[in-house]
Amino acid sequence: MRNIRIGDYLVEEGHITPEQLQQVLQRQRESQDGKKFGEVIVEMGFMSDVKFAQALSVKLGVPFVDLNSVEVDGEIARKVPQDLAERNCIIAINMTGRRLTVATDDPVNFNILEDIKVKTGYDTIPVLATRMAIKKAIGKAYQMSDLGDLGMDSTQGEMMDDDDDSRDRVESAPIVKLATQIIENAFRMEATDIHIEPFEKYTQIRVRVNGDLVLLMNVSSNVQNQLATRLKLISGMNIAEKRIPQDGRFSQTVDGIPLDVRVSSLPMVHGEKIVIRILSTGAIKTRGLHELGMSDYNFRLFESMIKCPHGVILVTGPTGSGKSTTLYAALGAIARPEVNVVTVEDPVEKQMEGINQCQINVKSGMTFPAALRSILRQDPDVIMIGEMRDGETAEIGIRAAITGHLVLSTLHTNDAASTIVRLVDMGIPAYMVASSLIGVVAQRLVKVLCPKCRRQRMSTEEENDLMHIDHSVPIYDAVGCNECGGGYRGRTAIHEIIQCSGNISTLIANGASTEQLETTARANGTKLLRDNVSDLVQQGVTSMDELVRVTYAV
C-alpha cells in the first residue's frame with residue numbers, strides 16, 4: 001500500500017468527497033482536545049466507526065474484527081492488566097501458545113504492543129476494532145470478575161440490621177463498586193432501565209433491553225440495604241426515610257460518555273425497590289432523519305412536514321416508543337445558525353449543541369404553561385414542547401403555531417387519527433386545530449429478528465388476515481442463539497403519518513370522528529401502523545409475535 005494519508009486514501013476509494021475531507025481536517029485543526037482523524041470523521045457523520053475501521057484495516061493490512069459478534073474469553077482478556085487495557089483501549093481476544101491476539105483501534109502504535117509484552121511476557125498480534133466495541137468488551141471481561149465477596153449467590157447471607165451507621169457502611173469499596181458496575185453493565189448492554197427488586201431470600205437485578213426485562217444478576221439479601229442506601233446517597237435522597245417513595249438523580253461517566261441517571265425508590269414488603277433510568281447526554285450522536293427506520297414514503301412525508309415555517313407537528317405513542325428520538329432528529333434537521341430553536345422539557349433528556357433547552361421545575365413554579373409564555377417573548381422560530389400534558393399547554397402551543405411559529409410536541413395516544421380528536425377533547429376549538437396542525441406521527445418500536453438464527457415458514461390464513469393479505473407468504477420466527485437475546489437483535493420503528501391536507505383539515509373543522517379521519521387518511525396514501533409492521537414481517541425484519549404485540553390494541 002502506498003504511504004498516503006488516510007484522508008487521501010478515503011477520497012481515492014470513494015468513501016468521502018474532497019470537500020468532506022477538507023471539512024474534517026478543518027474541524028480537527030479547531031478541536032481543543034487533539035482528536036484523531038477517525039474520531040472527527042465519525043463525529044461529523046461522514047462515515048460510521050465500523051466503516052472507517054474497515055477502510056483503515058485495508059489500508060494498513062491489519063485484520064478487522066467485529067467485537068460485537070465475538071465472544072471474548074474473560075480469562076484470556078485478563079492476561080492483560082485492567083488498567084493497561086483501559087488506558088490504551090486494548091483487549092486480548094485470543095491466545096495461541098505464548099502469543100496474544102490483541103484488538104486495538106491504533107495498531108501502528110508499537111509502544112502499546114511493547115508495554116503489553118513487558119507486562120505479560122506474551123508476544124502480541126494486533127487486530128483492528130472500533131474504540132466503542134473495545135470499551136464494551138473491556139467492561140464485559142473485567143467488571144464482574146472481582147465482586148465475589150459481595151455474595152452473588154442468592155442463598156447466601158442474612159438480612160442485615162437496619163442500624164444508624166448505614167451511611168458509613170455503604171462507603172465501603174465493594175458496594176460502591178457494585179453500584180457503579182451495575183450501571184456500566186446496563187449501559188453497555190444498551191439498557192434503558194435497571195430494576196433492583198428485593199425479595200425474602202435474595203435481591204433480583206434486571207435490566208430493560210429492547211423493551212424486555214432481562215435478568216442481570218441476583219445478589220444476596222444482605223447486600224440490598226447497602227446497595228439501596230448507596231444509590232439514594234449519591235442521588236441526593238434522604239437515606240433515613242424508607243417509608244415513602246423518593247426521586248433523585250446523579251451523573252456517571254461510562255466509556256467516556258457522561259450519563260444522566262434518574263433514580264426512583266419505592267417501599268416494598270422486603271425492602272426498597274430501586275428503579276434507575278439511564279439517559280445519555282449530548283455525547284452520543286443524535287440520530288439523523290434517515291436513521292429513524294421510516295419507509296421511503298413516510299420519510300418523504302415527514303421531511304416535507306418539518307420544512308413548514310409554522311404550524312404544529314405531533315409525535316404520539318406510548319412511553320418508550322421512541323418519540324423523543326424522533327423529535328430530536330427533527331430538531332437536528334431544523335437547527336441552523338439563522339434559526340432560534342427553544343425547547344421546554346421535563347426532563348431534558350439529551351443536550352444538543354446550538355439549541356436552547358429549558359428544564360421544567362414545578363416546585364419553583366417553572367411549569368409548562370409558565371415556561372411557554374416566557375419562551376414566546378424570546379423571539380423563537382421553532383418551539384419543542386416535551387409533552388402536551390393538559391389543555392392549557394396544548395392551547396398555548398396551538399396559538400403559538402397560529403402566530404407564526406413551528407411547534408413540535410408529543411402526546412400519549414394510540415394512533416394518529418385519535419390524536420386529532422384528543423386535541424379537540426382537551427378543549428381546543430376544532431377550527432384552531434384545523435388551521436394549525438401540519439401533521440401527526442404515531443409510532444411504535446418493534447424488535448428486529450436475528451438474521452443468523454431466524455427460522456422461515458409459510459404464513460397461516462389467520463396470519464394473512466392480520467397482515468391484510470389474501471395469500472400465504474414466507475415469514476420468519478424468532479429462535480435464539482449465542483449472538484442475540486431470545487431471537488432478536490435491536491429494534492426499529494414503525495410509523496403512521498397523517499398529513500393535514502385540505503380534505504383532512506375540513507374534516508377536523510367539522511368535528512369528524514376518528515374513523516372518518518382514518519378512512520380519509522388511508523385514501524390519501526397513509527399507511528397505518530398495522531400496514532407498516534406487516535411489510536416488515538413479509539420482509540423478514542420482524543415476526544408475527546411483534547405484529548400482534550405492537551398493534552393488538554390499535
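In the predicted model, Val537 is buried, with a relative accessibility of 0%. This residue belongs to helix H21, which spans residues 529-538. Beyond the residues up to four places away in sequence, Val537 touches Met467, Ile475, Thr542, Ser543, Met544 and Leu547. Glu515 is 22 residues from Val537 in sequence, and the two C-alpha atoms are 26 Å apart in space.

H21 is mostly covered, and eight of its 10 residues are buried. Besides Val537, the buried set contains Leu529, Val533 and Leu536, together with Arg530, Asp531, Asn532 and Ser534. After H21 comes Gly540, with a positive phi near 80°.

Helix H20, formed by residues 514-523, has Leu517, Thr520 and Ala521 as buried residues. Viewed down the axis of H20, these buried residues fall within an arc of 100°, and therefore line one face of the helix. Glu515, Thr519 and Ala523 lie on the other side of H20 and are exposed. Gly525 follows H20 and has a positive phi, near 115°.

Positive phi values also occur in residues other than glycine. Most residues other than glycine have a negative phi. Asp379, which is not a glycine, has a positive phi of about 55°. Asp379 is located in the loop that runs between helix H14 (368-375) and strand E13 (382-385). With a relative accessible area of 62%, Asp379 is exposed. His468 likewise has a positive phi, near 60°, and is a residue other than glycine. The loop that holds His468 lies between helix H18 (461-466) and strand E17 (474-477). His468 is partly exposed, its relative accessible area being 48%.

Three further loop positions were examined. Ser321 is placed in the loop between strand E10 (311-316) and helix H13 (323-334). A relative accessible area of 3% puts Ser321 among buried residues. The side chain of Ser321 reaches the backbone oxygen of Pro318 at 2.7 Å. When neighbours within four places in sequence are left aside, Ser321 is in contact with Gln443, Arg444 and Leu445.

Asn68 is situated in the loop between helix H4 (49-60) and helix H5 (74-77). With residues up to four places away in sequence not counted, Asn68 touches Ala133 and Lys136. The C-alpha atoms of Asn68 and Ala137 are 8.0 Å apart in space, although 69 residues separate the two in sequence.

Thr17 is in the loop between helix H1 (6-12) and helix H2 (18-30). The relative accessible area of Thr17 is 34%, and the residue is partly exposed. Between Thr17 and Asp255 the separation is 238 residues in sequence and 31 Å in space, taken from C-alpha to C-alpha.

The second largest pocket holds about 510 Å³ of space. Its lining consists of 17 residues, and those nearest the centre of the pocket are Asp247, Gly248, Arg249, Arg262 and Asp346. Strands E7 (246-254), E8 (257-268) and E9 (271-280) are the elements that give two or more residues to this lining. Classed by side chain, the lining of the second largest pocket comprises seven charged, six nonpolar and four polar residues.

Notes: Residues numbered from 1 in each chain as written. Predicted model: local features only at pLDDT ≥ 70, side-chain atom pairs only at ≥ 80, totals over all residues. Heavy atoms only, no water. 1 Å grid on protein atoms, 1.4 Å probe; cavity = no way out; pocket = protein on both sides within 12 Å on 5 of 7 lines; lining within 4 Å. Points joined across faces, edges and corners; volume = space filled by probe spheres on them. Helix = DSSP H or I, 4+ residues; strand = E, 2+ residues; numbered from the N terminus. Nonpolar A, V, L, I, M, F, W, Y, C, P; charged D, E, K, R; others polar. Buried < 20%, exposed > 50% of the residue type's maximum accessible area, 1.4 Å probe, protein only. Arc of directions from axis to C-beta. Polar contact = N/O pair within 3.5 Å; in protein donor to acceptor, adjacent residues only side chain to side chain. Contact = heavy atoms within 4.5 Å.
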